[in-house]
Structures are given as structure tokens and as C-alpha cells.
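Q: I would like to go through this structure with you. Shall we take it piece by piece?

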Amino acid sequence: MEFSEKNRDAITRLARTSDAQKLMELLQKQSGQVKQAAQQAAAGDPAQLMAMMDQLMHSKEGAELVDRINSQARQAGL
């Protein structure tokens, strides 16, 4: 999928929100391997990142953060 400049800007803004930052903190505490998992996902192997997100979604705080970020993404037109 190719992103337009508008979508890139919206994603950048979302990544800078306090909810996104908190999500990254939770992921980092969870395994400490966020950067490596993201790199693997970008290279076509999302398994580690998906496992981290699955574990996160089983926590109340993580699920609430993801819901809020999803809502913000929809409002941004993503």
C-alpha cells in the first residue's frame, strides 16, 4: 500500500501523541525488543511484533491505549 503525503503526516502526528508514546513504553517494558521487532516486521517478518501486541492487548491499559490510537487514526482518515 502506498501512502500519500497526507497519510504520512497523519501517521507522524499519531506517533507523537502521548498515547503512542505510552504504548511504546509498555511494549519496551514488556520485552525490551521493540526496535528489533519493528525492524523484522518492516523486513516482512511481523511474528515478533504481533506476539508483543497480542500480549499487550491482554492488558487493560494496553487495550485501552490501542483503542484510543485506533480512534485517532480513523479521525485522521487512516
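A: Glu64 forms a salt bridge with Lys60, their closest N and O atoms lying 3.7 Å apart. A salt bridge here is a side-chain nitrogen of Lys or Arg within 4 Å of a carboxyl oxygen of Asp or Glu.

Q: Where do Glu64 and Lys60 lie?
A: Both lie in helix H5, four residues apart, which is about one turn of the helix. Helices are DSSP runs (H or I, at least four residues), numbered from the N terminus.

Q: Before going on, what kind of model is this?
A: This is a predicted model: local features need pLDDT of at least 70, side-chain atom pairs count only at pLDDT 80 or more, and totals for chains, interfaces and linings use all residues. Residues are numbered from 1 along each chain as its sequence is written, and side-chain values use heavy atoms, with hydrogens and water left out.

Q: What is the average pLDDT of the protein chain?
A: The protein chain averages 84, and 95% of the residues score at least 70. pLDDT is the predictor's confidence in each residue, from 0 to 100.

Q: Is Asp19 buried or exposed?
A: Asp19 is buried, with a relative accessible area of 11%, whereas Arg68 is partly exposed at 40%. Buried means under 20% relative accessible area, exposed over 50%, and partly exposed in between (1.4 Å probe, protein chains only).

Q: And which side chain does Glu61 meet in a salt bridge?
A: The side chain of Glu61 meets that of Lys22 (3.6 Å, N to O). Glu61 lies in helix H5 and Lys22 in helix H2, so this pair ties together parts that are 39 residues apart in sequence. Glu61 is partly exposed at 39% relative accessible area, and Lys22 also counts as partly exposed, at 27%.

Q: Changing topic: which residues of H5 are buried?
A: In H5, the buried residues are Gly62, Ala63, Leu65, Val66, Ile69 and Ala73. They cover an arc of only 160° around the axis, so they are on the same side of H5. The arc is that of the directions from the helix axis to the C-beta atoms.

Q: What is exposed on the other side of H5?
A: Lys60, Arg74 and Gln75 are exposed there.

Q: How many residues does H5 have?
A: H5 has 16 residues and reaches 23 Å from its first C-alpha to its last, close to the 22 Å expected at 1.5 Å a residue. The expected span is 1.5 Å times one less than the number of residues. Just after H5, Gly77 takes a positive phi of about 85°.

Q: Which residues make up the largest nonpolar core?
A: That core has 11 residues: Ala20, Leu23, Leu26, Leu27, Val34, Ala37, Met52, Leu56, Leu65, Val66 and Ile69. A nonpolar core is a set of buried Ala, Val, Leu, Ile, Met, Phe, Trp, Tyr and Cys residues joined through side-chain atoms within 4.5 Å.

Q: Which element gives the largest share of this core?
A: The largest share, four residues, comes from H2.

Key. Helix = DSSP H or I, 4+ residues; strand = E, 2+ residues; numbered from the N terminus.
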